[in-house]
There are 6 protein chains.
Amino acid sequence: MKMVDVGDKQKTQRVAVATGRVRMSAAALKKIRAGKVEKGDVIGAARIAGIMASKRTPDLIPLCHPISLSGVEVEVRTRPGGVEIRATVKTVDRTGVEMEALTAVSAAALTVYDMLKSTDRGMVIEGIELQHKSGGRSGVWNR
Amino acid sequence: MKMVDVGDKQKTQRVAVATGRVRMSAAALKKIRAGKVEKGDVIGAARIAGIMASKRTPDLIPLCHPISLSGVEVEVRTRPGGVEIRATVKTVDRTGVEMEALTAVSAAALTVYDMLKSTDRGMVIEGIELQHKSGGRSGVWNR
Amino acid sequence: MKMVDVGDKQKTQRVAVATGRVRMSAAALKKIRAGKVEKGDVIGAARIAGIMASKRTPDLIPLCHPISLSGVEVEVRTRPGGVEIRATVKTVDRTGVEMEALTAVSAAALTVYDMLKSTDRGMVIEGIELQHKSGGRSGVWNR
Amino acid sequence: MKMVDVGDKQKTQRVAVATGRVRMSAAALKKIRAGKVEKGDVIGAARIAGIMASKRTPDLIPLCHPISLSGVEVEVRTRPGGVEIRATVKTVDRTGVEMEALTAVSAAALTVYDMLKSTDRGMVIEGIELQHKSGGRSGVWNR
Amino acid sequence: MKMVDVGDKQKTQRVAVATGRVRMSAAALKKIRAGKVEKGDVIGAARIAGIMASKRTPDLIPLCHPISLSGVEVEVRTRPGGVEIRATVKTVDRTGVEMEALTAVSAAALTVYDMLKSTDRGMVIEGIELQHKSGGRSGVWNR
Amino acid sequence: MKMVDVGDKQKTQRVAVATGRVRMSAAALKKIRAGKVEKGDVIGAARIAGIMASKRTPDLIPLCHPISLSGVEVEVRTRPGGVEIRATVKTVDRTGVEMEALTAVSAAALTVYDMLKSTDRGMVIEGIELQHKSGGRSGVWNR
């Protein structure tokens with residue numbers, strides 16, 4: 001097991017986009033839409049938690065390289081059946097930022113769960129996946 | 001927005017069980033089963049990452065209480081179509097450990113993704129959900 | 001230098017309230033009030049940052065005991081001349097939570113600064129102080 | 001809310017200097033000057049806490065970029081009425097280090113408070129502000 | 001692999017004492033004794049680093065329980081041939097604090113190395129071991 | 001005390017190799033070799049803990065610069081009398097990675113201790129030292 005050596009790779013602009021969803025009851029979704037969640041602003045908290053978690057990725061994922069991130073954006077929006085999350089992470093470094101984008105989505109989804117769990121313990125986090133990746137030797141990847 | 005006051009709740013034994021899956025290509029799954037993943041022991045790394053992440057839950061989820069955990073177990077196993085993760089977290093405290101169990105599952109799933117992403121970038125993390133919760137005022141909850 | 005032994009103290013309900021201010025230009029304050037800060041919701045971000053920082057207090061302050069927190073609330077509001085922050089932290093433990101309340105205020109104030117610094121680099125963080133403390137051997141303290 | 005993309009900015013040498021004060025009773029100040037603080041070397045502990053906190057800035061401030069720091073210096077000295085703190089942070093990166101300097105000052109001030117709070121709970125942290133900033137597109141800024 | 005469940009154990013006062021040494025050249029040792037180390041107060045920095053690291057033990061050691069610590073003391077002193085470190089950690093909890101004491105010694109030793117490495121890269125950290133342990137079912141253990 | 005300014009140094013490829021040992025009883029060693037340690041895979045857990053700790057070095061060692069790491073490898077193997085650990089850390093940056101390599105060895109050794117302490121509390125961590133360092137102004141250093 002090792003964190004592979006990327007010292008000979010080029011520093012290039014790299015982008016990764018990941019998405020995910022939290023499926024929930026109509027009652028829970030209604031609370032978000034009405035801004036009536038007792039614990040506060042679900043969307044805002046989830047976005048911040050996602051951004052902050054992307055920065056902690058190398059602390060959480062054993063073989064992830066600690067790198068600088070040049071930009072992170074996390075969008076959280078309601079849609080039929082629940083909440084949809086989309087994270088875009090950018091760097092200018094020797095290794096990609098897929099894990100940072102996926103970690104941002106995961107933490108945002110967990111935060112949504114946390115803030116609504118007293119209303120609906122049965123929520124399901126699903127569809128966490130990479131949508132796009134560019135930069136670096138392997139080029140562009142789109143789902 | 002606030003971390004709700006649980007100071008008047010009783011310290012009781014509490015348990016939470018969460019599960020999740022990583023859906024992957026046959027090629028990726030075969031590599032795990034054959035122990036041929038270049039980055040090393042996927043199952044072992046995912047279990048450790050899950051355990052360690054459960055301890056970081058209050059660092060990641062804005063409104064989670066920092067509490068002692070009395071036990072954490074993370075099981076990761078292959079099954080048709082991918083990998084299945086199950087986390088059991090226990091505490092003797094004033095608040096439940098659902099978020100710790102869900103966070104453990106999420107980090108284990110992200111670690112599986114990280115270790116196999118060079119083989120299959122299209123993997124999907126799905127079905128992260130609470131299975132069981134006991135202890136505390138709200139009693140037993142089962143999916 | 002040592003983290004003093006509190007093992008013989010009683011576990012009691014303890015509360016600490018701290019406050020602080022960020023003094024800023026009229027232009028910066030107007031942006032917050034109009035919800036026109038480019039970086040987003042200043043009040044919401046500052047509240048979350050304050051709550052999360054209170055949980056990191058023992059990581060930041062060398063001789064602070066790592067303890068459970070039973071509740072944390074951070075209020076951030078505009079007032080003439082700037083923003084006012086008030087943090088209330090509670091625990092049921094052997095040591096007080098003054099540092100956790102002061103750390104929450106500090107992090108919330110720094111977050112306000114960060115989100116508005118492109119508008120006003122001259123902002124000043126001031127008046128970070130304890131307002132109230134109760135529980136434990138030393139009893140109630142009010143400013 | 002997003003951590004703005006700085007990927008197109010130039011890596012340049014950047015410096016930020018921030019200052020702050022802890023106002024305290026004559027008794028508390030006298031203890032520091034006499035080296036009689038029960039908890040130990042206040043000045044030394046505050047300097048280290050400030051340096052270490054500057055490195056944790058992106059963990060604390062939601063929209064701060066995680067970057068390398070090339071140098072950090074924290075000075076803590078007594079002056080009439082209390083303690084004065086000055087932090088100088090340097091980087092060679094795409095974004096400034098004002099927040100790192102302000103965070104260093106804040107953590108050093110909180111550490112001073114922590115080490116003296118049994119003598120004077122009424123201490124006030126004040127005047128945390130940027131003094132100087134250079135490097136990057138916006139050029140030199142002096143208070 | 002799991003963090004074993006200690007939920008049925010009793011909360012008792014527990015103590016662990018660990019020691020270790022950094023063996024160094026006469027030149028390096030002389031610098032410490034003369035207070036002439038360019039980077040600053042070695043003894044003070046090592047003590048603080050040890051205390052702070054003891055609090056991070058569950059972040060570093062995969063199967064360590066996150067617990068409250070009631071007291072931590074780290075002594076660092078010169079002796080013939082180098083520096084000797086002794087950490088005493090106390091808790092009132094369901095599990096022992098050997099790892100916290102050993103981690104404190106390790107971090108203090110690493111800090112000594114860091115501050116003197118420009119003088120002597122050949123220093124050796126050695127003899128990190130438990131000296132004493134009490135409290136809990138297994139009773140008193142002395143080396 | 002300060003984190004020295006390395007902003008004028010060149011970014012070069014730098015490598016550091018450190019080693020260390022855990023001396024243990026025949027019974028403990030036998031358990032590892034037979035794969036019979038109750039807590040699980042000692043070698044695997046120690047390797048991961050070492051890699052993860054190398055990334056936390058600037059959080060633990062007060063004057064260490066936060067830098068990107070391009071590669072980390074931790075080998076843990078049994079040998080007569082105990083376990084031997086070897087960490088290799090690489091970066092392309094302005095400062096060396098000796099502390100990251102030594103920290104990786106220390107955390108791996110502590111993890112070995114943790115997983116075997118119920119069998120042998122008398123284990124000793126010893127011989128943590130730098131073996132090799134290259135890159136940067138001071139050139140190659142070998143023990």
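Some housekeeping. Residues are numbered from 1 along each chain as its sequence is written, and chains are lettered from A and ligands numbered from 1, in the order in which they are written. Since this is a predicted model, local features need pLDDT of at least 70 and side-chain atom pairs count only at pLDDT 80 or more, while totals for chains, interfaces and linings use all residues.

Chain A has three helices and six strands, in the order β-β-α-α-β-β-α-β-β along the sequence. Helices here are DSSP runs of H or I with at least four residues, strands are runs of E with at least two, and both are numbered from the N terminus. The C-alpha atoms of chain A fill a box of roughly 50 × 25 × 25 Å along the principal axes. Of its 143 residues, 64% count as buried, that is, 20 or more other C-beta atoms, placed from the backbone, lie within 10 Å of the residue's own.

Now the contact with chain B. Each residue in contact has its C-beta atom, placed from the backbone, within 7 Å of its partner's. Chain A gives 38 residues and chain B gives 38 residues. On the chain A side, α2 (42–60), α3 (98–116) and β5 (124–134) each supply at least two residues. The largest share, eleven residues, comes from α3(A).

Last, the strands. β5(A) and β5(B), residues 124–134 of chain B, run antiparallel and are joined by three bridges; pairing requires at least two DSSP bridges. Within β5(B), Ile128(B) is the bridge partner of Ile125(A).

How values were computed: Contact = placed C-beta atoms within 7 Å. Buried ≥ 20, exposed ≤ 12 C-beta atoms within 10 Å, placed from the backbone.
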